[in-house]
Amino acid sequence: MKMYLRLIQFLSCCVLCVYGWSDNRIRKFKDDFSFGVSTSAYQIEGAWNIDGKGESIWDRFLHNYPEVIADGRNGDEACNSYHQYKRDVEMLRELGVDHYRFSISWPRILPSGYPNIINEKGIQYYDNLINELLKYNIQPMVTLYHFDLPQPLQDLGGWINPLSVEWFEDFARVVFDKYGDRVKYWITINQPNDVCIQGYSGLMAPGIVSKGVGDYICVKNVMLAHAKAYRLYEREYKKKYNGQVGISLGLNWAHGKTNATENEEAAAIYRDFTIGLYMDPIWSEDGGFPRTVKERIAKKSKEQGFKESRLPTLSKEEIKLLKGSADFLGINHYTSFLVEPSGQQYDSPSIDDDMGVKISHNKEWRSSQSMWLKSAPYGIYRLCLYLNKVYKYPQIYITEHGWSTTTGLNDKSRVTTLRDYLSAILFAIEDGTDIKGYTVWSLMDNVEWIAGTSERFGLYEVDFDSKDKKRTARLSALVYKRIIEKRIVENDWLPDNWKIEKEREEL
Ligand code: NOJ
């Protein structure tokens, strides 16, 4: 009930804001709330084969299938952050952020995937970046795995091979050893759903199609790999360094297309497959995969003639290993979906077929440059309250939230989205959600996987044709800087100099 009252309050507040009013209370982010921005190695570093870096599955995938990239631009050069990291840190200082979330390229430091060869130049690169950040009091938040598996490990089956759990633990040990003295925030895996469900749908690297089978095996191994790395830190590093280790899950909100029972039921199924599958093993009371998901896949598998469920089981030890294996929940949140039962046939087997639902967006939600991304700020509020209820108030960092545009500095739509979502987050905090920080995706335009550079997510625009990959602040960068400074969301503030910037842009 309270949630609905709050929702009504939030929606009416949005309406009031549009008409230039707001309620009188000023909502403020606390001084220790951490504001940041995020990137990932493949998407920004470039230097794909320089200074001893090994090949990753994304190097291989986009070299082999250049035709899948919307504008043909892969990550070979990207933003060239491998050479431009000082400029990146300068931008972070301009913004005044408290933390910077970036990822370590596994093949840059372990070209074979194994710790038999440690690439000192790769180690040095992240050393330099971390030291440069700390020099300016910016906390590094480091992701160990953001989609770029070393190709030699893929050749051995990648995340489908149960040995991948150990490979990841060995990689994590190298990273903790080298940087643990300075990094206090660790994220093991970025978006297991993308790594596995997209990764084995053919749409993302490794480009293998194994729907409803390989993807589920991958989910099990990736989740176990996360837990192993968490336990490793807990056992061998926590006492010495006192850092925190979490995982970033891609969690969007979803509810029934209408409140008809069949739509609400379809939404519950969708949430169990997209939220519960990753949350339950770590945050639920009993641990393991959600009962509903296990039952649905087992039933379908039987009908399809499989001897066992296509969703692998977790042993008692594995359930125990996973349960409680995170100091914080990283949420990557972008949009919301409306759900109804599906009338259509999906590939069988597949997760879509297992769920049997259809998702859509409300036509009134604002559109971005990405087909899948529409603005529904109430969704982040409802997601937070759902997580509180089901998982007992986890400690949260929003590790990604962002908006895509085309090129151009006058990104008013990003500014609006930023403000709307931050306002919703303030409401969620007011209503008891333990959110410690917020992170914009992304510091700058980068290689958006198969969308190449056709979808721009940056607070800074990047000129990919220029020699030094020139970065220029967009309007949203100036607005975000102001939000960080003031700790409030002002709906009418625009920087004094913006008009000049705009005119320059139009010249
Ligand atoms: C989530 C992923 O972590 C990131 O790599 C991607 O660029 C953004 N979503 C935007 O799609």
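**Notes on the predicted model**

1. E340 counts as buried, because its relative accessibility is 17% and the cut-off for burial is under 20%. This charged residue sits in strand 8, which covers residues 336–341.

2. What does E340 touch, leaving aside residues up to four places away in sequence? The contacts of E340 are K257, N263, A266, V357 and K358. Two lysines, K257 and K358, are among them, and lysine counts as charged.

3. How many disulfides does a search of the whole structure find? The search returns one. C196 and C218 form the disulfide, with 2.1 Å between their sulfur atoms. The link of C196 and C218 is left-handed, with -70 degrees about the S-S bond. The pair joins distant parts of the chain: C196 belongs to helix 9 (residues 192–198) and C218 to helix 10 (residues 214–236), the two cysteines being 22 residues apart.

4. C79 counts as buried because its relative accessibility is 0%, and C384 counts as buried because its value is 1%.

5. The loop between helix 9 and helix 10 holds P206. The peptide bond leading from A205 to P206 is cis, and its omega is near 10 degrees.

6. Helix 6 (residues 120–135) and helix 8 (residues 164–179) have axes that come within 11 Å and cross at roughly 50 degrees. Why are the two helices described as oblique to each other? Angles under 35 degrees count as roughly parallel and 65 to 115 as roughly perpendicular, and the crossing is at roughly 50 degrees, so helix 6 and helix 8 are oblique. The crossing of helix 6 past helix 8 is right-handed.

7. Which residues make this contact? Helix 6 contributes E120, G122, I123, Y126, D127 and I130, while helix 8 contributes V174, K178 and Y179. By class, the residues of the contact comprise five nonpolar, one polar and three charged.

8. D51 has a positive phi, near 55 degrees, and is not a glycine. D51 lies in the loop between helix 2 (41–44) and helix 3 (57–64). With a relative accessible area of 32%, D51 is partly exposed. N137, likewise not a glycine, has a positive phi of about 65 degrees. N137 is located in the loop between helix 6 and strand 3 (139–145). Because its relative accessible area is 64%, N137 is exposed, the cut-off being over 50%.

Technical notes:
Residues are numbered from 1 along each chain as its sequence is written. This is a predicted model: local features need pLDDT of at least 70, side-chain atom pairs count only at pLDDT 80 or more; totals for chains, interfaces and linings use all residues. Side-chain values use heavy atoms; hydrogens and water are left out. A disulfide is a pair of cysteine sulfur atoms within 2.5 Å. Helices (H or I, at least four residues) and strands (E, at least two) are DSSP runs, numbered from the N terminus. Buried means under 20% relative accessible area, exposed over 50%, partly exposed in between (1.4 Å probe, protein chains only). Axes are lines fitted to C-alpha atoms, for helices over the stretch in contact, and angles run from 0 to 180 degrees between N-to-C directions. Angles under 35 degrees count as roughly parallel, over 145 as roughly antiparallel, 65 to 115 as roughly perpendicular and the rest as oblique. A crossing is left-handed if the near helix is turned anticlockwise from the far one by less than a right angle, and right-handed if clockwise. Contact means heavy atoms within 4.5 Å.
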